[in-house]
Each structure stands twice: as C-alpha cells, then as structure tokens.
Amino acid sequence: MTDTKLEKTSKINTPEGNSGTLKNLINSPIKADEFDPHFKHEISKIHGGEKLKQCFQCGTCTSDCPIARFSDSYRPRHLIRMVLLGLKKRVLTSDTLWLCAACFTCTDRCPQNVEVASVIRILRNAAIKQMLIPPIFKELGLNILKGGIAYRIPELRLKKREQIGLPPLPKCNLDALKKLGDATGFSKTLLGAD
Amino acid sequence: MTAPKEESKSKFLLFLGCAIPYRVSSYEISTRKVLDKLGIELVEMPEYNCCGLPIDPVNHDMMISLAARNLCLAEQQGLDIIALCPGCAGTLRKVNRKLKEDKHLREKINSYLGLEFKGTIEAKHLLQLLAEDIGYQKIKDSIKKPLNALSASDHSGCHVTRPGKYIGFDNPENPEVLKHLIEATGANYVDYVDRLECCGAPIAGVNDNIPLELSREKLVHVKDAGADVLITVCPFCHMMFDTNQPRIERRFNENLKIPVLHYPQLLGLAMGFSSKELALEGLRVSPNHLISQMGAKTGVSEK
C-alpha cells in the first residue's frame, strides 16, 4: 500500500460514497460488471494514448521502473492491463496512479512503442476530472492561477534577489492565464463547478 | 517587431521556471557567471509563466497552453529559449515540436491563447547550449585552473533526454554530454551503478519515502565509486541530493557528506571564479574541504 493522500475534486459520487477516502480496489477480485469495453478506445484517442492497444504485457515498463523497485504496489504494467480490460473505476481510483515520476524510462524502452507515462497522464487527467486529486496538484495549480508559477515565492526572497544583484523576476500576465484556465477547463476542475 | 535571428546568435532568452527562483538561486547565480564569461548574452523573458509541467497530471491542454504561451512570447522577441530546469526545457521542447507538427492541435491552442504560434524559435536546456552552441573546445579554452585533483560523477536528470523521440538530444540510454562537460574542466569522470536512475523528486509531493530511498541509493553508489562530488543540472535533482542529504542520512543512518554542485559551479571553479561568486555557500552539504584540497594542488582559492 502507498500512503498517497487524495481528496475529492467534485461533487460527483465516488465509488465509496461521500467518505472522501477510498478503499484501494486493486487487490480485490474483479466483478463482471466492472468491465467497460469502450474505455481503452477512449484512452487511445487522446494524445499519447495512440499505441496503448499494442501492449502485449511483457513487463519491460515495470521491470525498468525506478519507482516500482521501491514500491510494493506501483506497477505500470498493471495499470495498462486494467485499462485494456476496461476496469475504469478501479484504475481511476487507484492510489498507485499517483506514483509515476514521469521519468519516461518506460516510454523510451517499451518494445511496442506504448507511451506508458503518457497513458498514466491521461488516466490522471480523467481521474481528476471525475473524482480525485492529490492536494499537491491542487496547490500547484492554484499557485499558477494566482501568481503565474507553481510556487509562491515569498517577498523577502524577491528582495534578496535584488540585494545579491539578480534581475527582478519577470511579471506574469495573470489575465492571460485566467483565460487559458477557463478555455481549457483547468480552473473549473480545480475550483469545482460552483 | 521580430529581430532577425542571425544578428543575435549568442543572445538567448533565459527561462528561470519556478523552482530556481523559489529555492535554488545558486544554480542561477553560477550559470549567469559562466555564460557571461563564455560570451553569451542572456535576456530576461519579458513576462513568463510556468512551463506547464507541474499541472500536466491535472489538465494536458492547460499544460500545452502554458508552454505555448511562453514559446509565443519568445517568438515575439525572435530569440531561442534557454531553460536551466530540464523539466521546463523538456516541456517547452516537446510542445514546440508537437505544435509544429500537428496543425489541428496548433489551431486549437492558438484559439485558446489569442496568439499565433509560428514555430520560429527553439527551446533548449543549458547542457545543449554548452555542448552545441558554445562547444567543448571553447569551454576547454576558458579553463584557467583545471580541476585535475577532483573526481566527479554526474546525474544528468531524466528530462534532459527523455522521452528520447520527442527531446532528440544526447543518448537517453547513455547520456554523454554532461560527462564530456565534466571532463572539459579537467576533473576525472567517475561512472557508478544505476547512473540513469531517476532521483524521485517528481513524486515527493505524494509520497514521502520513495524519493528519499531512490536518492539515498544513488548517493551510496556515488560514494562507493569513489567520487568526491556529484554534478547535477536540475534544481529538483539538486534538492533531492543536496538539500535532502542530511534528511537521508538521518532516516537511513548513513554517513554520506557528498557535495552536490550545479555544473556551472564546477565549470566556474575551473574558470577561476571564487566560491562566493559561484554561491557555493548556498549548498547544504559544504564543499569547503574539496575547495581547500583543490586549492593546495591547483591554486583554486576560497575567497
């Protein structure tokens, strides 16, 4: 088990009701009504998911994954297999989904050209849109909307830049970012529908 | 509006990103010093925003839009972008390539931006600037105090080369640029086990343990290989190996004490800059013993 913390992004019901915490479904037996035959087709239509269906489950991704070496539960091959089987709810609520470090070793080494890390990114986008977000991503996202970059740099540090002779940081155009946040649905995802 | 590109060959837009101004200013300070010495003029981005990478897990279109906006701003200046963070460099590079190739995506993103992406500039990481635009010979010629007494290992960082088919720089399975750049300073390059492994930083926000275990393992391997110092070119890798090193020592009961320098700090020492000019005091693991050791043999002094 991982200790990934997740919180709900929207009012859409999670599989566990309104508790806000989810049981990790990954190790429980699969039920017949869990399969969604359209899921793999949906994922493979999105940028980065095109080669998904070429996966033949060789396991190169997992065996070369630096995270999998230190995690009892994170296995990229499992995630891909769940997508291919159509276990949509199971994969989107899996807390291991958030352990990919996006180092792209799996993507570079997949003999079937599956962009494994990109598939995981697609799954994360879908999970966040529908159900769950690790608080860190919410924080980084809100920082970007409020200040243009992912971290909030304290005033003192900005002053120190000038003291040590570094040029002031360029200003961000927050109006432009707000427009992008609205156009892409990013702001709605972070702030909720209301 | 757009300056002709040929006139500004050694002029680049500096993309600082988030992590460097937030807490890794030693990387910025030392980079500015050595690039100035190498005849590179850095122009500040007129306005910039996050490259997009941190929120790629939230919304891919937003990531592309944020990167595209930076690229459009650079196009207006007619200058290529240099990013010090491999995450920024990789993201800008990937999106630049995708937008050039995919008309449908380009039109969609242009409509979001209210700007027109033209595809007239390049985005690259510091390493690429050093290796390709400046070149190893010019770097070797700039060395005043070769670091012959020093043994150094490298951690190139995943996003400098991966995913290979989108980044198209160096060899992801055997990156050599940083190795050659280290050798250019006169230092002895030391290989080690699992050199290509990730530092784990990208998941530090969701998992407290795995990144520390990964970084610990790498630091142990570096030490076992006999290196005096580990060289990085990424603010996040640097935070894992340097800032977190005391934490790693406490948690795993290790005695590591391996100084981790940004490559421009290493190059700067060989160019003859002082510790202070290169912000070596900004490092968590002190390299002072190395400086005095080198000073005894090569005349590099700590002012």
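Okay, let's start with the sheet in chain B: four strands make an open sheet, ordered E6-E5-E7-E8, and the pairing is parallel. At the edges you'll find strand E6, residues 188–189, and strand E8, residues 260–262, of chain B; each has a single partner strand, so one side of each has no neighbour in the sheet. Oh, and keep in mind that this is a predicted model.

Let's stay with E8(B) for a moment. Strand E7 of chain B, residues 229–232, runs parallel to E8(B), and three bridges join the two.

Now, what lies across E5, E7 and E8 of chain B? That's helix H14 of chain B, residues 263–271, and it runs at about 80 degrees to E8(B).

H14(B) also has a helix to meet. In general, you describe two packed helices by the angle between their axes and the distance between the axes. Here the other helix is H2 of chain B, residues 25–37: its axis and that of H14(B) come within 9 Å and cross at roughly 50 degrees. An angle like that makes H2(B) and H14(B) oblique to each other, and their crossing is left-handed.

Who's touching whom? On the H2(B) side we have Ser30(B), Thr31(B), Lys33(B), Val34(B) and Lys37(B), and they meet Pro264(B), Gln265(B), Leu267(B), Gly268(B) and Met271(B) in H14(B). Sorted by class, this contact has four nonpolar, four polar and two charged residues.

One more helix in chain B: H6, residues 126–134. Its buried residues are Leu126(B), Leu127(B), Gln128(B), Leu129(B), Leu130(B) and Ala131(B).

Over to chain A, then. This chain has ten helices and two strands, and from the N terminus the order goes β-α-α-α-α-α-α-β-α-α-α-α. Of its 194 residues, 42% are buried. Take the contacts in chain A between residues at least 6 apart in sequence: 71% of them join residues at least 24 apart.

Finally, how do the chains meet? 48 residues of chain A are in contact with 43 residues of chain B. On the chain A side, helices H5 (105–109), H6 (116–130), H7 (135–147), H9 (174–184) and H10 (186–191) each supply at least two residues. Which of chain A's elements gives the largest share of that side? It's H9(A), with six residues. By class, the side of chain A that touches chain B has 29 nonpolar, 14 polar and five charged residues.

How values were computed: Residues numbered from 1 in each chain as written. Chains lettered and ligands numbered in written order. Predicted model: local features only at pLDDT ≥ 70, side-chain atom pairs only at ≥ 80, totals over all residues. Pairing = 2+ DSSP bridges. Contact = placed C-beta atoms within 7 Å. Axes fitted to C-alpha atoms, helices over the stretch in contact; angles between N-to-C directions. Buried ≥ 20, exposed ≤ 12 C-beta atoms within 10 Å, placed from the backbone. Nonpolar A, V, L, I, M, F, W, Y, C, P; charged D, E, K, R; others polar. Parallel < 35°, antiparallel > 145°, perpendicular 65-115°, else oblique. Left-handed = near helix turned anticlockwise from the far one by under 90°.
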